[in-house]
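Subject: Structure for you to look at

Hi,

Here is the structure I promised to pass on. Please open it alongside this note.

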Amino acid sequence: MSEKTRRELGDQYRRALEDYLDDGGEAALARAYELGRKAAVDGLGVLEMAALHQEALRTCVLPLAALEVRAKAAEAAQAFFRESLSPFEMTHRASREANVALRRLNERLEEESKRIAHTLHDEAAQLLASVHIALDGMSRDLPPSARSRLEEIRGLSHELRPTMLDDLGLVPALQFLAEGVAKRTGLSVAVSGSTHGRLPPAVETALYRITQEALTNAVRHAHPAHVKIQLQREARAVRCSIADDGVGFDVAAVLAHRGGPGLGLVGIRERLDALRGSLQIASTPGRGTRVHVAIPVEG
Ligand SMILES: Nc1ncnc2c1ncn2[C@@H]1O[C@H](COP(=O)(O)OP(=O)(O)OP(=O)(O)O)[C@@H](O)[C@H]1O
Ligand SMILES: [Mg+2]
């Protein structure tokens, strides 16, 4: 705001204050509000507003000099000042509300992008299930030699999203996964433990996918001889660990290198976050890796 505009505003303020002190009417108070609004729009701060007020007080012509009148005038001047500040209060509140709204919007966007990611993922799974069924249909029309190759492909697509997970639960589905990997790679993959009954579908899916990723990592990166998958049901949580006896890796370095090529561990963490689960990875060079996850479940 230019010095000239500021002086003009000061003059207007002083005159309006004088009028108010003179007759105490609503019209003058409305001018206080209007001046405050103008000042706020022009970017004047509250402190500058206070300086303006003080200056006006110092130079305004009081109606009468009697003490009692002065006291009343001081009170009236305060009321006038308060009124001139109320537009500032409103802008302040509005910006706070805008902030809250912005934060909510951000949260919504975040949730939405997660939902889209999950939907994409689930739809890919659905698609695989259809492929699986289609392959099943095809294999019946083929000669036996071609049929066995197709059966292999069918087994693969089945592993990606076994209906077994829905029909029989986590442990049989993991056993099926482990057998498939063992057959293809020649590794020994053992599944042990129990979930003592079915778990919530979201937990079963998460544990299946996490184990699948950890197992794939072990096969691709660790060159182990053995992989052990262990499940354990506790009163308020289910735990799952995937341990290999392969080469091991520097966990801290890999986790610190976000935005690196790998999505597997990030995906594991995201699935766990969604279910308030936890992740621990212990790895020793030359001695292998143990991925340990825990997900809270109601008793
Ligand atoms: N069991 C393991 N043994 C040895 N190294 C591992 C093991 N698991 C993970 N790593 C190391 O951690 C890195 C990150 O794993 P992550 O699963 O996030 O990515 P990736 O397997 O490289 O790629 P993606 O999973 O996206 O195909 C791997 O590249 C590998 O170096
Ligand atoms: Mg991986």
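Below is what I found, beginning with the ligand site.

First, some housekeeping. This is a predicted model, in which local features need pLDDT of at least 70 and side-chain atom pairs count only at pLDDT 80 or more, while totals for chains, interfaces and linings use all residues. Residues are numbered from 1 along each chain as its sequence is written, chains are lettered from A and ligands numbered from 1 in the order in which they are written, and side-chain values use heavy atoms, with hydrogens and water left out.

**Ligand 1**

The shell around ligand 1 holds 15 residues (near means a heavy atom within 4 Å). Asn-217, Arg-220, His-221, Leu-263 and Leu-265 are the closest. Helix 8 gives the largest share of this shell, six residues, and both helix 8 and helix 10 (264-274) supply at least two residues each. Helices here are DSSP runs of H or I with at least four residues, strands are runs of E with at least two, and both are numbered from the N terminus.

A ligand 1 nitrogen sits 2.9 Å from a side-chain N or O atom of Asp-244.

Asn-217 belongs to helix 8 (residues 201-222). With a relative accessible area of 17%, Asn-217 is buried; buried means under 20%, exposed over 50% and partly exposed in between, using a 1.4 Å probe and protein chains only. Leaving aside residues up to four places away in sequence, Asn-217 touches Ala-222 and Leu-265 (contact: heavy atoms within 4.5 Å).

**Two loop residues**

Most residues other than glycine have a negative phi. His-196, however, has a positive phi near 50°. His-196 lies in the loop between strand 1 (188-194) and helix 8, and is exposed at 63% relative accessibility. Arg-276 also has a positive phi, near 55°. The loop between helix 10 and strand 4 (278-284) contains Arg-276, which counts as exposed at 69%.

**Helix 4**

Leu-102 is located in helix 4 (residues 67-140) and counts as exposed because its relative accessibility is 52%.

Happy browsing!

How values were computed
Polar contact = N/O pair within 3.5 Å; in protein donor to acceptor, adjacent residues only side chain to side chain.
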